[in-house]
Amino acid sequence: MSEPVKGPASYFPSIENKYGRPVAEWKDLIRSSPLTKHMELVSWLKTEYGLGHGHANALVAHTLGDDAGRP
């Protein structure tokens with residue numbers, strides 16, 4: 001039996017269902033933004049794309065966490 005998804009990734013199914021874009025597309029948008037600070041990116045997603053705070057926060061946290069682990 002697999003472990004339930006925890007943390008920011010637990011929001012991904014509802015983000016995809018509610019906003020109609022795959023998570024990979026959201027992450028590409030975040031990476032292509034000239035903004036770099038967490039809360040700036042969250043505010044941008046909320047303003048430009050109408051995401052709720054929790055969904056925007058989860059996407060930014062996961063994306064920045066992924067990128068921190070890249071060489």
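Modeller: In H1, Phe12, Ser14, Ile15, Lys18 and Tyr19 meet His55, Ala58, Leu59 and His62 of H4, where contact means heavy atoms within 4.5 Å and helices are DSSP runs (H or I, at least four residues) numbered from the N terminus. By class, this contact has five nonpolar, three polar and one charged residues; Ala, Val, Leu, Ile, Met, Phe, Trp, Tyr, Cys and Pro count as nonpolar, Asp, Glu, Lys and Arg as charged, and the others, Gly among them, as polar. This is a predicted model, in which local features need pLDDT of at least 70 and side-chain atom pairs pLDDT 80 or more, while totals for chains, interfaces and linings use all residues. Residues are numbered from 1 along each chain as its sequence is written, and side-chain values use heavy atoms, without hydrogens and water.

The axes of H1 (residues 12-19) and H4 (residues 53-68) come within 10 Å and cross at roughly 120°; they are lines fitted to C-alpha atoms over the stretch in contact, with angles from 0 to 180 degrees between N-to-C directions.

The largest nonpolar core has 15 residues, and Trp26, Leu45, Leu51 and Leu59 have the most contacts inside it. Such a core is a set of buried (under 20% relative accessible area) Ala, Val, Leu, Ile, Met, Phe, Trp, Tyr and Cys residues joined through side-chain atoms within 4.5 Å. H1, H2, H3 and H4 each supply at least two residues of this core, and its largest share, four residues, comes from H2.

Technical notes. Buried < 20%, exposed > 50% of the residue type's maximum accessible area, 1.4 Å probe, protein only.
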